[in-house]
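Biologist: I'd like to learn how to read contacts and pockets in a model. Could you walk me through one?

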Amino acid sequence: MSDIAISKEGDLYMPGEEFYMLQAADKGHIKDYDPKNEVPAYFVTVIITPAGNPKNIRSVEDFVKEGVRVGIGDENACAIGKWHEKIFKKAGIWDKVKKNAVMNAKCIPELGNACQLKAIDAAIVWGTTAVLYLNDVDIVPIQTEYRGLVRLPIGL
């Protein structure tokens, strides 16, 4: 959004979350955006583990296994942090997951890097982030009942 504010140029704005689109619209940077319109893409949550999945993480419930080092996102710094809490609370294991947390990341790439470097055993990230680390991590789908899905808005 800072690029738009400074340059006042661009054709499309596609932030990672509707919150940012609404901010840009409120500031007059967006000419056309209707939150009721269908969007072309979604962020979907997935589990990542170091390559080979050494702790055999197969579900969100596995984040509470003894000895599993979990990376979570800071809910005040990155959107995925809010989803960590939602997902684990829905599974009824949020307090136990926090006990296994060895990292509180400020952004999603920190989680990907930590997993890649084997500093953590598991994290939940957006699928779009997970694919950036394909050579060094395994991607495990999250059970449908816990999966996070966030629409990606587009404005002119």
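Predicted model: local features only at pLDDT ≥ 70, side-chain atom pairs only at ≥ 80, totals over all residues.

Biologist: Where does Thr45 lie, and is Thr45 buried or exposed?

Modeller: Thr45 belongs to strand 1, which covers residues 41-50. Its relative accessible area is 0%, and the cut-off for buried is under 20%, so Thr45 counts as buried.

Biologist: Which residues is Thr45 in contact with, beyond its neighbours within four places in sequence?

Modeller: Among them are Ile80, Ile87, Ile124, Val125 and Trp126. Ile142, Arg147 and Gly148 are in contact with Thr45 too.

Biologist: Now the pockets, please. How does one find empty space?

Modeller: Rolling a probe the size of a water molecule over the atoms shows where empty space is left. Here, the largest pocket holds about 240 Å³ of space.

Biologist: Which residues lie nearest the centre of the largest pocket?

Modeller: Of its 15 lining residues, those are Glu17, Tyr20, Cys78, Ala79 and Ile80. Helix 2 (18-26) and helix 3 (79-90) are the elements that each give two or more residues to this lining, and helix 3 has the largest share, with three. By class, the lining has nine nonpolar, three polar and three charged residues.

Biologist: And what is the volume of the second largest pocket?

Modeller: That volume is about 210 Å³. The residues lining the second largest pocket include Ile4, Lys8, Asp11, His29 and Leu156. Five nonpolar, three polar and four charged residues make up its lining.

Note on methods: Residues numbered from 1 in each chain as written. Heavy atoms only, no water. 1 Å grid on protein atoms, 1.4 Å probe; cavity = no way out; pocket = protein on both sides within 12 Å on 5 of 7 lines; lining within 4 Å. Points joined across faces, edges and corners; volume = space filled by probe spheres on them. Helix = DSSP H or I, 4+ residues; strand = E, 2+ residues; numbered from the N terminus. Nonpolar A, V, L, I, M, F, W, Y, C, P; charged D, E, K, R; others polar. Buried < 20%, exposed > 50% of the residue type's maximum accessible area, 1.4 Å probe, protein only. Contact = heavy atoms within 4.5 Å.
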